[in-house]
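Work through the exercises below with the structure open beside you. Try each task before reading its solution.

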Amino acid sequence: MKYVEPLVRNRVPVIFGLKSLSDLLGIQEDTLSSIINSSSSFYRSFKIPKRSGGRRQIDAPYPSLLHCQRWIAQTILPSCKVSTVAHAYLPGRSILTNAKVHCGANFLLKMDFKDFFPSISDRRLVGLFLSMGYSKQVSVYLAKICSLKGTTPQGSPASPALSNAIARRFDLRLLGYARSRGLKYTRYADDIAISGEMDADEAQSFTIACAISEGFQINHKKTRYVEAGQKMVVTGLDISTGRPRPTRQFRREVEKEVFYIWRYGVASHVNAEKIYDPSYILRLKGKLDFWRQIEPDHPRFLRCSERFRSAAPDYLRS
């Protein structure tokens, strides 16, 4: 009971050991043991293009490991405490809620974590599960299921929730700093935004020092300080006008691509532009879905959506 009580109080499943975890997961004990002792054998790795250039490695778990990670994400991690300033991977929060916080600001400081998921070690995951009340052995089991080669992989369904939980202390420290100076702070995954009338050098130095002490690194190449009158973009949304909206460049590019497939047909446009991406139309649909979330009633979006529906009716529901 001494072991069970804190787990019940924290509203997480009671796990006594390997067999107990195996029963809860509904997989054979030897399979679970293999996953824990040799997790790298249960992943396939590939790279996808980054929006900012270069390629990002994705480590996708095979079905058996994916099942375990989903179970942890759905039954254990919802009980983790997450800061109110985190806007990624949470119900009711999004890039839109994140950007709205900074609307009307005269000054904006943007910073990014470097290698956000990989910077979270399995030792930190063990500490997180220990804080929930699990034994050290069970915490090690859970951490190994959620990690790859000692770090948190980008591709696991558990990684987003784990990152928010691990970054909570960083968020609270930045929030305290921001409030003490009349500023606003939010974080969307690895994107950090601080707005208001600030000493930019001080804010940047504090954020860097705080990140280092919490086990993160700042990607200095992406640090931006923007003043009133300049274009302000937070998590891909332009807030310069006082309300979040897709950037002008984004809207123009989507309108141009949709116009071409509407005017000349999908096959002709793909052949003329030598587009070899088999997911090209799905990616274009994804851009439209993104635009819809922000400006569902905007005339330019509605016209663009109608043209896409006409050109590729199988990809867009009416």
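Predicted model: local features only at pLDDT ≥ 70, side-chain atom pairs only at ≥ 80, totals over all residues.

**Exercise 1. Find the angle at which α4 and α7 pack, and describe their contact.**

Solution. 
- Step 1: Locate the helices. α4 spans residues 63–75, and α7 spans residues 136–146.
- Step 2: Take the geometry. The two pack at about 120 degrees, and their axes are 9 Å apart.
- Step 3: Classify the pair. Roughly perpendicular covers 65 to 115 degrees, and roughly antiparallel starts over 145. α4 and α7 are therefore oblique to each other.
- Step 4: The crossing of α4 and α7 is left-handed.
- Step 5: List the contact. α4 brings L65, C68, Q69 and I72, while α7 brings L142, I145 and C146.
- Step 6: Sort these residues. Six are nonpolar, one is polar and none is charged.

**Exercise 2. Work out how α2 is oriented relative to α4.**

Solution. 
- Step 1: Locate α2 at residues 18–25.
- Step 2: Read the crossing. The axes of α2 and α4 come within 10 Å and cross at roughly 95 degrees.
- Step 3: Compare with the range of 65 to 115 degrees. The angle makes α2 roughly perpendicular to α4.
- Step 4: Name the partners. From α2 come L21, L24 and L25; from α4 come H67, C68 and W71.
- Step 5: Sort them. The contact of α2 with α4 has five nonpolar residues, one polar and no charged.

**Exercise 3. Describe the crossing of α11 and α13, then sort the residues of their contact.**

Solution. 
- Step 1: Locate α11 at residues 248–264 and α13 at residues 280–294.
- Step 2: Read the geometry. Their axes come within 11 Å and cross at roughly 135 degrees.
- Step 3: Classify. The crossing is left-handed.
- Step 4: List the contact. α11 supplies F250, R251, V254, E255, E257, V258 and I261. α13 supplies Y280, I281, L284, K287, L288, F290 and W291.
- Step 5: Sort them. Ten are nonpolar, none is polar and four are charged.

**Exercise 4. Which element gives the most residues to the lining of the second largest pocket?**

Solution. 
- Step 1: Size the pocket. The second largest pocket holds about 450 Å³ of space.
- Step 2: Look at the lining. It has 16 residues, and K81, L128, S131, A165 and R168 lie nearest the centre.
- Step 3: Find the elements giving two or more residues. They are α6 (122–131), α8 (159–166) and α9 (168–180).
- Step 4: Pick the top contributor. α6 gives the most, with four residues.
- Step 5: Sort the lining. Six residues are nonpolar, five are polar and five are charged.

How values were computed
Residues numbered from 1 in each chain as written. Heavy atoms only, no water. Axes fitted to C-alpha atoms, helices over the stretch in contact; angles between N-to-C directions. Parallel < 35°, antiparallel > 145°, perpendicular 65-115°, else oblique. Left-handed = near helix turned anticlockwise from the far one by under 90°. Contact = heavy atoms within 4.5 Å. Nonpolar A, V, L, I, M, F, W, Y, C, P; charged D, E, K, R; others polar. 1 Å grid on protein atoms, 1.4 Å probe; cavity = no way out; pocket = protein on both sides within 12 Å on 5 of 7 lines; lining within 4 Å. Points joined across faces, edges and corners; volume = space filled by probe spheres on them.
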